Amino acid sequence: MLYGALRQTAAVLARTLCRPTIEGRDNVPATGPVILAGNHLSFVDSVVIPLSVTHRRVRFLAKSDYFETPGVKGSLTKTMFGALGAMPVRRGNARDAMMSLEMMLDRLNDGEACVVYPEGTRSRDGRLYRGRTGVAHLALESKALVVPVGLSGTQQVQPIGANMPRPRRFTVRFGEPLDFSTGFDHLAPGKARRVITDRIMDSIGDLTGQERAGTYNEQSAGD
């Protein structure tokens, strides 16, 4: 009930203030495990994508800080993020990254929909960076469909460093599902993950039209 109420309220506010354009929403399966693999421009991406999928609940990872802040503000933040489908994770080292993947994999094996950002962190210059292969690991292990997601304009809604979102228009495009459940047994595991990840990033790039950076994006303080 709380998820539904908060989601509906947030969706109404987003439509009223930002007048978003949502394309290809029917490409997201109504049931079964699915990975929503998107580019990453802003903190609000993790709210925008779940709100754009109206026919099922969507999970996403959020820094554990949002669940551990003391006081009234911390309690409200924890309630909001939890109700919207966020899963708290710690970040900072390889072990934390592996635990995040395991958490996502558990959700996918339960038949849920999960948001993944193959770039790893937000793009500060608007370019599309090379994807990290965790998304392919999830796809291969869970047999989940991968729906590429192209976001445009969310960096204007909440630029990096801004504390609050602003009323700006944005676009969310859902591409056709990609199925990687078969056809890769002839490749070494590392090669298969690289090939799959590059195909996902190509699909995201087709949706966004972003300039390709050709390198990995490095995490900065606060991301």
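**Close-up views of a predicted protein model**

The accessible surface of the protein comes to about 11,400 Å², and 52% of that surface belongs to carbon and sulfur atoms. The model is predicted.

**Figure 1. The whole chain.** The protein holds eight helices and seven strands. Its radius of gyration is 17 Å, close to the 17 Å that the globule rule gives for 223 residues, so the protein is as compact as a globular protein of that length. The C-alpha trace spans about 55 × 35 × 35 Å along its principal axes. Of the 223 residues, 45% count as buried. Residues 24 or more positions apart account for 78% of them. Charged side chains number 29 positive and 22 negative. The centres of these two sets lie 6 Å apart.

**Figure 2. Strand 6 and its two partners.** Strand 6 covers residues 145–152. Is this strand mostly covered or mostly uncovered? Mostly covered: six of its eight residues are buried. One partner is strand 2, residues 34–38. Strands 2 and 6 run parallel, joined by five bridges. Find A37, then look across to P148, its bridge partner in strand 6. Another partner is strand 7, residues 171–174. Here four bridges join the strands, which run antiparallel. In this pairing, S152 stands opposite T171 of strand 7.

Figure 3. Strand 5 spans residues 113–116. A113 and V115 point one way, while C114 and V116 point the other way. All four of these residues are buried. Strand 5 pairs with strand 2 in the parallel sense, over four bridges. Which residue in strand 5 is the bridge partner of V34? It is A113. Strand 3, residues 58–63, also runs parallel to strand 5, and two bridges join them. In that pairing, R59 has C114 as its bridge partner.

**Figure 4. Helix 2, under cover.** Helix 2 runs over residues 45–52. How many of its eight residues are buried? Seven are, so-called "mostly covered". The buried set is D45, S46, V48, I49, P50, L51 and S52.

Figure 5. R25 lies in the loop between strand 1 (21–23) and strand 2. Its relative accessibility is 29%. Buried means under 20% and exposed means over 50%, so R25 counts as partly exposed. Set aside its neighbours within four places in sequence. R25 is then in contact with S52, V53, T54, H55 and F174. S52 is also one of the buried residues of helix 2. Now compare R25 with G175. They are 150 residues apart along the chain, yet their C-alpha atoms are separated by 8.5 Å.

Figure 6. Helix 6 covers residues 134–142. Its buried residues are G134, V135, A136, L138, A139 and S142. An α-helix has 3.6 residues a turn, so residues three or four places apart point the same way.

Terms used. Residues numbered from 1 in each chain as written. Predicted model: local features only at pLDDT ≥ 70, side-chain atom pairs only at ≥ 80, totals over all residues. Heavy atoms only, no water. Rg over C-alpha atoms; globule rule 2.2 N^0.38 Å. Buried < 20%, exposed > 50% of the residue type's maximum accessible area, 1.4 Å probe, protein only. Contact = heavy atoms within 4.5 Å. Areas by Shrake-Rupley, 256 points an atom, 1.4 Å probe, with all protein chains shown as cover. Lys, Arg positive; Asp, Glu negative; His and termini not counted. Charge placed at Lys NZ, Arg CZ, Asp CG, Glu CD. Pairing = 2+ DSSP bridges.
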